[in-house]
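Me: Please take a close look at one part of this model for me. Tell me what surrounds it and how the surrounding pieces pack.

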Amino acid sequence: STGCNVSSSRSCASILRAASVDTDPILPSFSTKEEYTSYLKAAGALPSGFAVGTATGNFVSVEAPAMGKLPIKATVIHLTEGPTDSWAAVFTSNKFPGCPVIVGKSRLSGGHPLQALVINNKVSNVCPGGDGIAAAELVCEAVATNLNLSGGATSVLPSSTGVIGWRLPAKELAEDIAPAAIEALQTESAFAAAEAIMTTDRYPKLRSKTLSDGTRIVGVAKGAGMIEPNMATMLGYIMTDATIEKSKLQGMLSEACNQSFNSISIDGDESTSDTVVAIASGLKPLSSEDEFKSALFEVTQGLSADLVRNGEGTGHVIRVCIKNFPGSEYDARRMGRHLVNSPLVKCAISGNDPNTGRIAGAIGSFMGKFFPDESVDDMSLTLGGRIIFNNGKFVLEGDAVEKELSGHMADAQLGETDDFPKHQNFVEIGIDFGNSGSDVTVLGSDLTKEYVSVNADYRS
C-alpha cells in the first residue's frame, strides 16, 4: 500500500518493515530511472517511531522579485512516540554559517531533546537581510504548534539549503507549506524526504541497513555542488530506532563523517549550510554497539559516494586510495582532496585522457608546499590498478598502455545530466608512499561543461 497515514499506518508500516530490504553497500547497475527509484523505495522503510511528510509551495524572493513565483519544498521528520535525547549532529565549519546552523548548534549545546526536524530547499537562510534566526525559529514554532509538541520550538531542528543571501520565506513555510507537510506525514518510507530535500541534485539518495537484532538505520542526503569538507553543501539525516546513549551516538557520527562526508570533494567550495543529523527513537534495544557503528559507517560512506556520483555535471567519480602517507589521516585526506580538486587532473579525466603527469604534478605540489622535508622517493602510483609511476620514474610504454588507461576512464564515465546512477564504477588512483603511515580513501569528480552551465544559471 502507498496510502498509509500516521493514524492508520502502524500495521501497514510494520508489515513493510518486516519485508524491508536494505540497500547494497555497493549499489547495483540500473538501466532506467524507474529501476533506481523502485530500488530505493523498496529499501526505504522507516525505522520504528518515525514519520515523514513533504509539501511544495511558492514564494516570491524579496531580493529578486522579477523572477516571479518560485517553488519551495518543506520536509518534516517527526518522532511519533515522543521526544528523544539521543540525537547527534555535525555542522559546517564555514565562518558564515546559515541561520539554521546557528540554531542547530544552540539546540545541540543546550542539550535540548528533539521531536521533529523541518527542512526546506531553495533558500539557505544564510546571512540574509532581516533576522534569519527569528525566521528559522518561526518555522520551528509552527511545526511544534501543528504537531502539538510538548517541548515547543526548541524540540524542532531546522535546516535550509539553496540560494545564499536570500531571506527565508518564513511566513509561507510556517503558515502553508510546513503544515501541509505535516498533513502528509506517513510512517512507511523515507523516500519522499530523499526527493524533497534536493536542489540541483539529479536524483535522490537513500541508504539503509537492518542489524541482526532488528534495529534499523535509514539515511537520506542531498548535495551536488559546493562539496568540500568540512562538511560540504549537503544535508544528511540518519534515523534509527536503536536505543543508544547520546554521547556515544555523537562520537560515532563524528568519526563516521570524517571517513565519509569529510573525505569527498566535487568542486572545493565549502558550504555555509552543511548539517548531518543522527537521531534515535530508542524504541528497540541494541544488542551490539560495534555492529551499529559498522552499519552507521556503511550508510554514511554510501551516501557520501552517492553525493559525488550525483555531483553537478559529474561525468566520472574519482577514487583515490592513499597508503602509508607520512603524516596524519587528516593531512592524508587533505592531499587526496588537493589531487581531486586539481582543475588539470579533473579536466583530463573528463576527457578520458590518461595525462598521468598531471596526477604526479598535483601530488608533488602538495608535498612540496606542506611536507617539504618528507621523501617521495619510494612513492608509487597506479591508475586503474596498473603501475604508472615507480622509483621516481613513469612506467608508460607503448600505445597498448595508453589505450588501457583511457579505457579504464571510459568504463567509469557517466552521463553528465543522467537522472539516475547507471553504475558504481570509479576512476581508480592509488598512491603508496612505501614506508608506514596513514591510509585513507578520498572521492572526487571530474570537471565538465555541464558543471559550468549548472552554476552559471543556478538561481534561475
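Reply:

Three elements, β4 (116-120), α4 (132-147) and β5 (156-160), each give at least two residues to the lining of the largest cavity. Helices (H or I, at least four residues) and strands (E, at least two) are DSSP runs numbered from the N terminus. This is a predicted model, where local features need pLDDT of at least 70 and side-chain atom pairs pLDDT 80 or more, while totals for chains, interfaces and linings use all residues. Residues are numbered from 1 along each chain as its sequence is written, and side-chain values use heavy atoms, leaving out hydrogens and water.

The largest cavity holds about 60 Å³ of space. The structure has 3 cavities of 30 Å³ or more. A cavity here is a set of points on a 1 Å grid over the protein atoms alone where a 1.4 Å probe fits but cannot get out, and lining residues have an atom within 4 Å of a point. Volume is the space filled by probe spheres set on the points, which are joined across faces, edges and corners.

The lining of the largest cavity includes V118, I119 and N120. A136 and V139 also line the cavity. So do P158, S159 and S160. A74, P100, L168 and L173 complete the list. By class, this lining has 9 nonpolar and 3 polar residues, with no charged ones. (Nonpolar: Ala, Val, Leu, Ile, Met, Phe, Trp, Tyr, Cys and Pro; charged: Asp, Glu, Lys and Arg; polar: the others, Gly among them.)

Next, the packing of α4. The axes of α4 and helix α5 (residues 170-183) come within 9 Å and cross at roughly 35 degrees. Axes are lines fitted to C-alpha atoms, for helices over the stretch in contact, with angles from 0 to 180 degrees between N-to-C directions. The α4 and α5 crossing is right-handed (near helix turned clockwise from the far one by less than a right angle).

On the α4 side of this contact sit A135, L138, V139, A142, V143, N146 and L147. They meet A170, L173, A174, A178, P179 and I182 of α5. Contact means heavy atoms within 4.5 Å. The contact of α4 with α5 counts 12 nonpolar residues, 1 polar and no charged. V139 and L173 take part in this contact, and both also line the largest cavity.

Then there is helix α3 (residues 99-109). Its axis comes within 8 Å of that of α4, and the two cross at roughly 65 degrees. The two helices, α3 and α4, are therefore roughly perpendicular (65 to 115 degrees). Their crossing is right-handed. From α3, the contact uses C99, I102, V103 and R107. From α4, it uses G132, I133, A136, E137 and C140. The α3 and α4 contact comprises 6 nonpolar, 1 polar and 2 charged residues. A136 belongs to this contact, and A136 is also among the residues lining the largest cavity.

Helix α4 meets α5 through residues including V139. Helix α4 also meets α3 through residues including A136. The cavity lining has no charged residues, and the contact of α4 with α5 has none either. The contact of α3 with α4 has 2.

Conventions: 1 Å grid on protein atoms, 1.4 Å probe; cavity = no way out; pocket = protein on both sides within 12 Å on 5 of 7 lines; lining within 4 Å. Parallel < 35°, antiparallel > 145°, perpendicular 65-115°, else oblique.
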